[in-house]
Amino acid sequence: PGSTILQACEVAGKEIPRYCYHERLSIAGNCRMCLVEVERAPKPVASCAQPVMPGQVIRTDSAITKKAREGVMEFLLSNHPLDCPICDQGGECDLQDQAMAHGSDRGRFTDNAFAGKRAVEDKNIGPLVATSMNRCIHCTRCVRFGSEVAGVDILGTTGRGNDMQIGTYVEKLFRTEMSGNVIDLCPVGALTSKPYAFTARTWELRNIESVDVLDAVGSNIHVSVRGQEVMRIIPRLHEDVNEEWISDKTRFAYDGLKRQRLTQPLTRGADGTLQAASWEDALVRVAGALRGTAPEQMRAVAGAMADAESMFALRDLFHKHGALSLHTEEVFPAGAAKGQLTERSGYVMNGGIAGIEDADLVLLVGVNPRYEGTLVNSRIRKAWLHNETDVALVGSPVDLTYTYDHLGEDARALADLASGKHAFSKRFHAAKRPLVILGTAPFAAAADGGASLHALTAGLAASAKGAEPGWGVFNVLHRSASQVAALDLDFNGATGGRFSGKDAKFVYLLGADAGTVRREELPKGCFVVYQGHHGDHGAQMADVVLPGAAYTEKSGTFVNTEGRLQRTAVAVSPPGLARADWKIVRALSEIAGTALPYSTLAEVREAMGRAVPALGGAVDSVAGNAFAANVKALREKGVPKEAAGGKLVPSILEMKDYFQTDAITRSSQTMAKCAGMF
């Protein structure tokens, strides 16, 4: 009950061919490929749009059904160009597959007027999606995706019958951070990838299951590889994280993996320039500086794409030398978070990404989820669209692809919400499943590193009177893939969350490229080591550069913003003399005379699991989302009256700033084109 004939047949194990139907989009019913014979019905029925009824007899392989499918295929192919040899969809094309399975061996269409097949002008909709509209079969999947999932009504249909076209009416760009998903949705070769055009065939590629590290959502991906080159990145289904969508940054930034790469160790010579060196020379120089520095003058900074294994090894190395100053580039008051909330509940999404769909109210605090966590934003839009979830925002006003109540630009609105003074308070306290989502960008601007804002937001979440017992009201949306694992490993814990170069004599940058650490802010004579995969901000200021591996070249553990443990996989080898990051730290410890007690990846993970049980869990497990256990203590403590800092401004306000946010995307020509055009 409540399902269509097509869905019922799927459950029964009978697959019905379709072009326009997609389980995550509304039903259009316009391709007619899913026709089936229903007993006592006068003609074949479109199974995608017909509700299933008790006692119905459905024939999916009868002569009438087969003839109907043949007829539909014949009409589609009468206007479809024979582009298969030069079409990028070849080998993974629904039209090819279904023509083989359900089409006739010949067509009856005769071009009596010698007018040729229908010809349609190609549209220019941006630097990412290539159009070949002669091939379009008018399934309208791309139109529905734009208006329902992406929230931009740019694509649409004009004309009728044989003159119908899909396009933008007036020429404009398909302006959305999720535009690449229409490439996967298109059942034919009408919409294909511009950067990938004519570079490889699907049967030449190996698909490696991995995860994305360009934001903290941890989207599941397939890395498609030919030889030792990443050819493309496509989404992998994961219902609890990214469903089957990925952001454009995830999909198209892979060309940045081939440019500006560090391929051999470099040391700064007497003339001030970086020169090639052997691994032995570089590590001996770093080890000498490490041994000759007092523990209180040592600093380590983990970048946005550092894996848990390398951060754990670096932590152990620093601890062996008595140093405790471990930082992340993304400012976070870890001491405050762990002090007032148990387990991970102070710095993860306690409600989970999939839990957004069950929420009846979402309050966004100092965050722009559209650009800081694109797939989180698509979930909020889904809840807003289908469940009529209320959305409110405290912070700078931004375009989120859905309507929301703007409650104010600073933290005073949060205190008023908790006390009942704000006009929105009644709705907030009446909600049974409210979610408060806190962004991390405002922490950097606050004098106290965001500790008071964190405490105020957590107190507000705990004060929600109508919230169901056990519901995770308090949620943090991070921007960096490494952040949750770093906080698990107590980075920022001993230092209050903010990096300070004062008195530093030795600074170790583990893929830190965001510009948090600046050479001019460090004391003269400070020794800087950069370990990473791109020649970006960190490498330019370093005395020694150690080439590491990117996320497609190593097996690394990453924990996403909801606390889900996931792993990348080795798709290609690191270029030149580059090595996996934890191995570099392990080799350095040996030369420094403080050898770490593990020498294989399995041993590192075993030791990491013993030290931090949450990082030793099973892949795809979620641990420590225990906000509900803290509600009573937080209510007794009361909600703070104010928070340090002024306006709550997200890290990205406009689309042009979205595409180049890290070392990989800054090295990508495709992302540079996007930043210039959008």
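Author: **A helix pair and its surroundings**

Helix α12 (residues 412-419) packs against helix α15 (residues 451-462) at an angle of about 25°, and their axes are 10 Å apart. Because angles under 35 degrees count as roughly parallel, α12 is roughly parallel to α15. Axes here are lines fitted to C-alpha atoms, for helices over the stretch in contact, and angles run from 0 to 180 degrees between N-to-C directions. Helices are DSSP runs of H or I with at least four residues, strands are runs of E with at least two, and both are numbered from the N terminus.

This is a predicted model, in which local features need pLDDT of at least 70 and side-chain atom pairs count only at pLDDT 80 or more, while totals for chains, interfaces and linings use all residues. Residues are numbered from 1 along each chain as its sequence is written, and side-chain values use heavy atoms, with hydrogens and water left out.

The contact (heavy atoms within 4.5 Å) is made by Leu414, Ala415, Leu417 and Ala418 of α12 together with Leu453, Leu456, Thr457 and Leu460 of α15. By class, the contact of α12 with α15 has seven nonpolar residues, one polar and no charged. In this scheme Ala, Val, Leu, Ile, Met, Phe, Trp, Tyr, Cys and Pro count as nonpolar, Asp, Glu, Lys and Arg as charged, and the others, Gly among them, as polar.

Threonine 457 counts as buried because its relative accessibility is 0%; buried means under 20% relative accessible area, exposed over 50%, and partly exposed in between, with a 1.4 Å probe and protein chains only. Apart from neighbours within four places in sequence, threonine 457 is in contact with Val365, Leu414, Val436, Leu438 and Phe474.

Helix α11 may be considered next. Helix α11 (residues 374-386) has 13 residues and reaches 18 Å from its first C-alpha to its last, close to the 18 Å expected at 1.5 Å a residue, the expected span being 1.5 Å times one less than the number of residues. Among its buried residues are Leu375, Val376, Ile380 and Ala383. What covers the buried residues of α11 includes β15 (361-365), β18 (434-439) and β19 (474-477). After α11 comes glutamate 388, whose phi is positive, near 55°.

Key
Parallel < 35°, antiparallel > 145°, perpendicular 65-115°, else oblique.
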